[in-house]
Amino acid sequence: MSTTLNDTPSANRLHIGFYGKRNSGKSSLINAFTGQEVSIVSEVAGTTTDPVNKAMEIHGIGACMLIDTAGFDDIGELGEMRVKKTEKTAEKIDIAVVLFSGGDITKETDWFRFFKEKNIPVVPVISKADLLVNGSAYAYKVRNQIGEIPLQVSAVEKIGIDELKEKIIRLIPSDYNAPSITDALCAEDDTVLLVMPQDIQAPKGRLILPQVQTIRELLEKKCTVVCTTTDKMLHALARLKEAPTLIITDSQVFGYVYENKPKAAD
């Protein structure tokens with residue numbers, strides 16, 4: 001059976017979060033962005049009470065997950081809980097869209113800088129641009145605070161939607177959807193032994209890029225990573241209570257590693 005974009009797991013989709021105050025037009029913008037009625041739209045502030053995830057396939061972007069969040073200016077005890085849920089979404093997004101919707105921009109600016117500090121690509125957007133009395137002055141105000149020119153969009157008039165898509169496409173991380181190095185060879189809580197011959201051409205005190213990438217990926221998978229040089233491989237194995245789930249090594253010492261690996265490790 002062939003695989004379609006609709007079968008793409010959530011973890012493999014580009015996560016795009018939309019952030020702004022209550023009634024800033026997040027839901028309307030998402031609907032205009034996708035060309036579908038994805039989010040509930042209402043004039044009543046606080047309609048979106050919890051983050052709403054919608055898996056989509058968008059031309060030029062591919063498989064993505066759009067996240068419609070509660071307003072980060074929500075109030076009251078329940079409001080504080082909703083804001084915390086909004087903050088929680090920031091841990092799993094790849095790109096953030098921050099909506100500026102008129103008036104004081106302190107909160108929007110804080111969130112914009114928060115994403116920047118987290119090295120998360122962020123798109124500043126002036127929402128409901130068709131309703132602003134002096135859009136140019138407001139855009140200058142935003143630019144002066146964040147140091148970037150915001151996009152001016154209108155979900156109603158369909159202004160700036162294509163520009164927003166183009167901006168998001170340009171911000172997609174270069175390594176996004178890159179093939180996994182270890183793929184399904186190991187999983188969380190597995191012990192992985194890296195037997196790494198030293199590359200004399202590598203700068204002293206540094207690992208070569210493939211080694212760094214492999215270690216990073218294994219740590220992100222929540223594996224236990226043990227690193228050793230070829231001459232210390234047997235010593236490292238003797239220190240382990242159980243044989244490693246996986247041993248990774250360089251082709252130049254593969255023969256030695258294969259001959260000396262525990263039978264339980266492949």
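**Strands and aromatic rings in a predicted model**

Four bridges link strand E1 (residues 14–19) to strand E4, and the two strands run parallel. Strands here, like helices, are DSSP runs numbered from the N terminus, with at least two residues (E) for a strand and at least four (H or I) for a helix. Two strands count as paired if DSSP finds at least two bridges between them. The structure is a predicted model, so local features need pLDDT of at least 70 and side-chain atom pairs count only at pLDDT 80 or more, while totals for chains, interfaces and linings use all residues. Residues are numbered from 1 along each chain as its sequence is written, and side-chain values use heavy atoms, with hydrogens and water left out.

Buried means under 20% relative accessible area, exposed means over 50%, and partly exposed lies in between (1.4 Å probe, protein chains only). In a regular strand, side chains alternate between the two faces of the sheet. In E4, Ile95, Val97 and Leu99 point one way, Ala96, Val98 and Phe100 point the other way, and all are buried.

E1 has another partner: E1 and E3 pair in the parallel sense over five bridges, and Leu14 stands opposite Cys64 in E3. Six of the seven residues of strand E3 (residues 62–68) are buried, so the strand is largely enclosed by the rest of the structure. Strand E2 (residues 52–58) runs antiparallel to E3 and is joined to it by seven bridges. One of the pairings places Ile58 with Gly62 of E3. E2 and E3 form a hairpin with three residues between them, and Gly60 in the turn has a positive phi of about 90°.

What about the rings? Rings of Phe, Tyr and Trp (its six-membered ring) pair if their centres lie within 6.5 Å; planes under 30 degrees apart count as stacked, over 60 as edge-to-face and the rest as tilted. By this rule there are eight aromatic pairs. Trp111 and Phe114 are an edge-to-face pair, because their ring centres are 6.0 Å apart and their planes lie at 65°. Both residues lie in helix H3, three residues apart, or about one turn of the helix. Trp111 counts as buried at 11% relative accessibility, whereas Phe114 is partly exposed at 32%. Phe114 and Phe115 are also edge-to-face, with centres 5.4 Å apart and planes at 65°. Phe115 is buried, at 0% relative accessible area. Tyr19, Phe72, Trp111, Phe114 and Phe115 form one aromatic cluster.

Finally, some rings have a charge over them, which means that NZ of Lys or CZ of Arg is within 6 Å of the ring centre and within 35 degrees of the ring normal. The charged end of Lys165 sits over the ring of Phe33, 5.8 Å from its centre. Lys261 lies over the face of Tyr258, 5.2 Å from the ring centre.
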